[in-house]
Amino acid sequence: MNKVRVFAPATVANMGCGFDIMGMTLDGVGDVLSVEVVEGDGLEIDNRSEVELPDDIEKNVITPAVRALMEAYGEKRLVKVVVEKKISPGSGIGSSAASSAAAVYALNVALGRPFSDERLVEFAMEGEKLISGGTPHADNVGPSLLGGVVLLRGYDPLDIVRLPVPDNFCCSVAHPAIMVSTRMAREVLPKDIPLRTAVKQWGNVAGLVAGLALKDVYLVGRAMQDVVVEPYRKQFIPGFDALREKVMAAGALAFNISGAGPSVFALSADMDVAARVGEIMREHFAEVGSDVYVCKVSNKGARVLNE
Ligand code: HSE
């Protein structure tokens, strides 16, 4: 196929307690781009989306991801990328990850699929390194490429585990119209944490994984508590604690920051509660405005649209 058009979904990274190691795929929201590979050498990025992106391609997450793939491919080509639809950067629902995931997915198809989807995660991570201040992480690019809930058991070497999702795993996600850069949201985090805090967090991570494996959405809800990162990041989200009280009172099982924020997400055991929680989020952010999504976790990751 000469020109490959791809959709890569948005994601909720961290899932509460799993900072940098867990992420899940949302349904119906994401990036669309196309890639064409021709004779020559280099990379061109043409942004036809409504979202402003840096003119300098060295500042675009697509660049390091595409270069990593082409380096592993070992032959020179001119790669032409057209960005058609884009989630706003700094959203907390994997906006940068969706772009790098879509680019490497489309490029791999255009080259005749020389790499596995798991290998594509490694290339796409290079984009995350660019925007996060040097730390490559795959908790957004992993689920955007692979779909479902993804655990990064380890990074060296990369050990990707796909986890089952309970049928009644219903999400409400709000993206308030404020921007929080991933770099800034990582800079406020402590370098070390007390052992007592770590014990709480790894109990929650274990509970989260067990809840998914056992398909017990109530255990997942109890485990989705972040005592490490949230205390430092919630300052960026207007009325975070008050919003948590409101959504929990409406029947949600858990409420957390999505990725590096400012998006937030709640887990509910049925879609009616999830819809009500979505409305509460919309009202809460009425002054700044927000996009609200109410959906289940999608088991479909990046995919070709013109096959
Ligand atoms: N795990 C990352 C973070 C996700 O929370 O900083 C955003 O890239």
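A salt bridge is a side-chain nitrogen of Lys or Arg within 4 Å of a carboxyl oxygen of Asp or Glu. Across the interface of domain 1 and domain 2 this rule finds one salt bridge. The side chains that form a salt bridge are those of Asp20 and Arg186, at 2.7 Å from N to O.

This is a predicted model, in which local features need pLDDT of at least 70 and side-chain atom pairs count only at pLDDT 80 or more, while totals for chains, interfaces and linings use all residues. Residues are numbered from 1 along each chain as its sequence is written, and side-chain values use heavy atoms, with hydrogens and water left out.

The domain bounds come from an automatic or database domain assignment. Domain 1 covers 3–163 + 299–304, and domain 2 covers 170–296. Taken over C-alpha atoms, the centres of domain 1 and domain 2 are 23 Å apart.

With contact meaning heavy atoms within 4.5 Å, 31 residues of domain 1 are in contact with 33 residues of domain 2. Buried area is the accessible area (1.4 Å probe) that two parts lose on being put together, summed over both. For domain 1 and domain 2 the buried area is about 2,400 Å², with 68% of it on carbon and sulfur atoms.

A polar contact is a pair of N or O atoms within 3.5 Å; within protein, one must be able to donate a hydrogen and the other to accept it, and residues adjacent in sequence count only if both atoms are side-chain atoms. Between domain 1 and domain 2, eight residue pairs are in polar contact, both residues at pLDDT 80 or more.
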